[in-house]
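I opened this notebook to record what I looked up in one structure. The entries follow the order in which I took up each topic.

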Amino acid sequence: MLPSQALLPAVVFALTALQALASDTFIAAVYEHAVILPDPSEEPASPNEALALMNKNMDVLEGAIKEAAQKGAHIIVTPEDGIYGWRFTRESIYPYLEDIPDPVVNWIPCTDPSRFGPAPVQERLSCMARNNSIYVVANIGDKKPCNSSDPKCPRDGRYQYNTDVVFDPQGKLVARYHKYNLFVIESQFNYPKESEAVTFETPFGKFGIFTCFDILFYEPAVVLVTKMQVDTVLFPTAWMNFLPFLTAIEFHSAWAMGMRVNVLAANTHNTSIEMTGSGIYAPAGARTYSYNMKTEDGHLLIAELDAHPRLSPASPPAVSWNSYALSVERFSQNDHEFTGFNFEDPFTFTELTKPEGNLTLCQKDLCCHLSYKMSEKRDDEVYVLGAFDGLHVVEGQYYLQICTLLKCPSTNLSTCGEPVEMAQTKFEMFSLSGTFGTSYVFPEVLYSGVQLAPGEFEVM
């Protein structure tokens with residue numbers, strides 16, 4: 001054992017070395033992957049067939065990882081479902097799953113692949129990270145045996161989890177996250193018993209990770225930012241662009257700005273189900289993003305980010321939007337209110353009966369304010385202001401607050417809320433805003449530079 005006097009210089013040297021490794025900025029990459037899907041079949045694939053499909057997808061991902069590393073990226077995020085797709089039942093996905101250990105075991109699958117049983121996917125991902133000296137984030141499936149002593153154990157004797165893994169530049173498993181908020185069609189997976197707030201430290205900041213649908217919930221998304229104080233969120237997703245959500249680009253950019261963190265969002269690419277939109281976002285706005293509904297190609301994005309965005313002079317100050325919203329003066333309310341449904345949610349609507357005007361419409365805690373002027377009021381088109389404040393239950397249960405200006409399919413008010421393809425009325429101007437009491441509302445999307453439609457947008 002060294003005497004205590006000799007230990008002091010060693011400790012100082014170690015701290016100096018860590019500080020030298022730390023960086024104020026880092027290069028991030030995300031890859032939007034056009035996943036090669038399994039053939040639809042009621043019969044489960046054999047283990048060899050499952051691995052063959054996963055290797056085809058990992059061949060593509062490996063190319064993106066190598067390119068990102070060659071361009072100086074320190075970390076790359078790949079999409080949810082990016083290695084085997086999503087066409088599965090509980091039984092048919094089983095051959096694609098591996099036993100993923102807790103990262104505390106200090107394991108490098110690339111150099112010790114059989115330590116926890118067969119793990120060819122983890123081995124290959126680990127080697128991709130190790131061979132390219134880059135953090136690799138991927139989404140795969142975890143399996144955990146259980147028995148009758150566990151009252152929640154499924155009948156087939158195992159838990160199956162939608163799982164994100166992170167390997168460091170040495171190939172070591174440093175993070176494992178089980179998706180907590182499953183989308184309604186993910187019946188092949190189990191819900192974890194508790195939400196996991198997964199973080200890990202790097203020379204360029206503290207990172208947290210969650211998956212797709214999780215971003216709409218307090219746990220784990222808000223917890224990671226407000227309580228765990230992460231600098232950067234890793235976000236594998238399979239995000240479809242349809243109402244009542246904003247598109248992937250708009251929503252994820254606004255979330256990064258509102259929560260004042262970096263977000264690395266890697267989306268799956270499949271135009272047939274409107275699945276696209278990846279980006280690298282900072283509190284001050286999008287650093288880079290891609291939205292492609294024209295081709296079926298994957299796409300690599302790379303950008304530089306501040307390691308500690310809250311401390312960066314480039315980051316805008318925090319804004320209390322609910323305090324701002326509650327100070328807004330209301331317009332006169334319209335007596336001609338009626339109820340309609342949009343995506344199965346019961347909206348309160350009021351018709352725009354005049355060519356110009358100012359309206360306020362409320363539903364519970366939410367009030368929507370519209371100021372508008374039409375070039376000409378057409379008799380064959382009906383427009384309404386709509387508000388919804390409540391529990392959305394179509395593909396999961398979560399609360400939404402939505403203000404909308406929309407066209408009805410016909411002059412029959414009972415059709416308001418149904419899909420519309422064409423609109424002829426021209427608006428010289430309109431301003432739509434909301435007042436609300438909730439904390440996690442992000443009007444910052446209007447600052448992001450992302451266009452909701454051709455035209456100019458401004459926070460009034």
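**Entry 1. Confidence**

I note at the outset that this is a predicted model. I looked up the confidence and found a mean pLDDT of 88 for the protein chain, with 90% of its residues at 70 or more. Over residues 1-20 the pLDDT stays under 50, and the model has one contact beyond four places in sequence for them. Residues 446-460 also stay under 50, but for these the model has 20 contacts beyond four places in sequence. Where pLDDT is low, the predicted coordinates should not be read in detail. I therefore leave the geometry of such stretches alone.

**Entry 2. Aromatic pairs**

How many aromatic pairs does the count come to? I recorded 24 aromatic pairs. One of them joins Phe 210 and Trp 255, edge-to-face, with 5.7 Å centre to centre and 75 degrees between the planes. I call this pair edge-to-face because its planes are 75 degrees apart and the class requires over 60. The partners come from distant parts of the chain, 45 residues apart: Phe 210 is in the loop between strand 7 (205-209) and helix 4 (218-226), and Trp 255 is in helix 5 (residues 248-259). I checked the accessibility of each partner. Phe 210 is buried, at a relative accessible area of 0%, and Trp 255 is buried too, at 2%.

I next took up Tyr 372 and Phe 427, an edge-to-face pair with 6.5 Å centre to centre and 65 degrees between the planes. This pair also links distant parts of the chain, with Tyr 372 in strand 16 (residues 366-374) and Phe 427 in strand 19 (residues 427-435), 55 residues apart. The labels differ because buried means under 20%.

I also noted one aromatic cluster formed by Phe 26, Tyr 135, Phe 200, Phe 204 and Phe 207. Separately, I found the charged end of Arg 158 over the ring of Tyr 94, 3.9 Å from the ring centre.

**Entry 3. Helix 4**

Which residues of helix 4 are buried? I listed Pro 220, Ala 221, Val 222, Val 223, Leu 224 and Val 225. I then asked what they pack against, and found strand 5 (173-178), strand 6 (199-202), strand 7, strand 8 (232-237) and helix 5.

**Entry 4. Asn 262**

I placed Asn 262 in strand 9 (residues 262-267). Asn 262 is buried, with a relative accessible area of 1%. I looked for a polar partner and found the side chain of Thr 232, in polar contact with the side chain of Asn 262 at 3.1 Å. Leaving aside neighbours within four places in sequence, the contacts of Asn 262 include Phe 26, Asp 231, Val 233, Tyr 281, Leu 305 and Pro 309.

**Entry 5. Leu 432**

I returned to strand 19, where Leu 432 lies. Leu 432 is partly exposed, with a relative accessible area of 32%. Leu 432 and Leu 370 are 62 residues apart in sequence, yet their C-alpha atoms are 4.7 Å apart in space. Not counting residues up to four places away in sequence, I found that Leu 432 touches His 369, Leu 370, Leu 385, Cys 403, Thr 404 and Leu 405.

Conventions. Residues numbered from 1 in each chain as written. Predicted model: local features only at pLDDT ≥ 70, side-chain atom pairs only at ≥ 80, totals over all residues. Heavy atoms only, no water. Phe/Tyr/Trp six-rings, centres within 6.5 Å; stacked < 30°, edge-to-face > 60°. Helix = DSSP H or I, 4+ residues; strand = E, 2+ residues; numbered from the N terminus. Buried < 20%, exposed > 50% of the residue type's maximum accessible area, 1.4 Å probe, protein only. Lys NZ or Arg CZ within 6 Å of the ring centre and 35° of its normal. Polar contact = N/O pair within 3.5 Å; in protein donor to acceptor, adjacent residues only side chain to side chain. Contact = heavy atoms within 4.5 Å. pLDDT = per-residue confidence, 0-100.
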